[in-house]
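Please read each point beside the model.

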Amino acid sequence: MNPYEYRRESDFQRFVRNRKRVPVNTFLILANLLVFFAVELTGSALSTSHMYQWGAAYAPAIVQGREYYRLVTSMFLHFGIQHLGNNMLVLFFLGDCLERNLGRWKYAFVYMAGGVGANLLSLFVELKQGQEVVSAGASGAVFAVIGALIYVVLVNKGRIENFTVRQLVLMAALSLYHGVTSVGIDNAAHFGGLICGLFLGILLYRKPRTRY
């Protein structure tokens with residue numbers, strides 16, 4: 001066997017083995033990708049009306065139409081490949097780390113509850129400001145992951161695996177700043193996700209005891 005082929009095979013096996021350690025995050029990433037491709041096959045992810053049909057968040061539909069499922073379905077929809085790619089790239093690295101340290105079911109709870117909490121805050125802000133916009137994206141859940149991971153790193157003396165508090169806070173700050181200074185960004189969902197994630201991290205994470 002060619003040594004380069006053996007090396008590639010080993011790298012692939014290593015990748016598969018690492019994914020098996022984070023089944024929830026792997027499933028979430030695949031779910032987001034599959035939903036995006038399904039949306040594209042049936043129309044366009046850049047079409048507001050098409051995204052609405054697929055379950056994007058829309059305040060009148062949620063409040064007046066009682067379509068509460070949109071608080072969840074909107075978390076798996078993205079307006080274009082760049083929107084999807086940005087969220088999944090962050091989730092791939094940070095989500096893996098959080099799942100390894102928090103556990104499968106707790107991580108799943110942080111992602112889902114944090115994402116729904118972010119959408120609820122976004123809904124509240126829209127209603128208060130009288131806005132009626134169609135919104136979607138996993139960024140609220142992704143910010144919840146960042147918030148929870150910040151707490152986990154803080155508890156572990158400022159570093160866990162390859163991440164430090166400084167890196168995570170800087171990433172969150174830059175992302176929030178980009179949202180505030182850009183048009184069409186759901187900043188309420190970002191702030192809501194970060195706050196929910198931090199709270200859920202405090203609630204769910206317990207630092208492993210050191211044995212001597």
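1. Helix 6 (81-102) and helix 8 (139-155) cross in a left-handed manner; a crossing is left-handed if the near helix is turned anticlockwise from the far one by less than a right angle, and right-handed if clockwise. The model is predicted, local features need pLDDT of at least 70, side-chain atom pairs count only at pLDDT 80 or more, and totals for chains, interfaces and linings use all residues. Residues are numbered from 1 along each chain as its sequence is written, and side-chain values use heavy atoms, with hydrogens and water left out.

2. The axes of helix 6 and helix 8 come within 9 Å and cross at roughly 40°. These two helices are therefore oblique to each other (under 35 degrees counts as roughly parallel, over 145 as roughly antiparallel, 65 to 115 as roughly perpendicular, and the rest as oblique). The contact holds 11 nonpolar, four polar and no charged residues.

3. Helix 8 also packs with helix 7, at an angle of about 125° and with the axes 7 Å apart. That angle makes helix 7 oblique to helix 8, and the crossing is right-handed. Helix 7 contributes Tyr107, Val110, Tyr111, Gly114, Gly115 and Ala118, while helix 8 contributes Gly140, Ala141, Ala144, Val145 and Ala148.

4. The largest pocket (on a 1 Å grid, an open set of points with protein on both sides within 12 Å along at least five of seven lines) contains about 930 Å³ of space. Its lining (residues with an atom within 4 Å of a point) comprises 35 residues, with His83, Ser139, Ile185, Asp186 and His190 nearest the centre. Helix 6 gives the most to this lining, six residues. The lining divides into 15 nonpolar, 18 polar and two charged residues.

5. How many cavities of 30 Å³ or more are there? There is one, a cavity being a set of points where a 1.4 Å probe fits but cannot get out. About 60 Å³ of space lies in the largest cavity. Asp186 is one of its lining residues, which also include Tyr58, Asn119 and Glu126. Helix 7 gives the most to the lining of the largest cavity, with four residues. That lining has six nonpolar, three polar and two charged residues.

How values were computed
Points joined across faces, edges and corners; volume = space filled by probe spheres on them. Nonpolar A, V, L, I, M, F, W, Y, C, P; charged D, E, K, R; others polar. Axes fitted to C-alpha atoms, helices over the stretch in contact; angles between N-to-C directions. Contact = heavy atoms within 4.5 Å.
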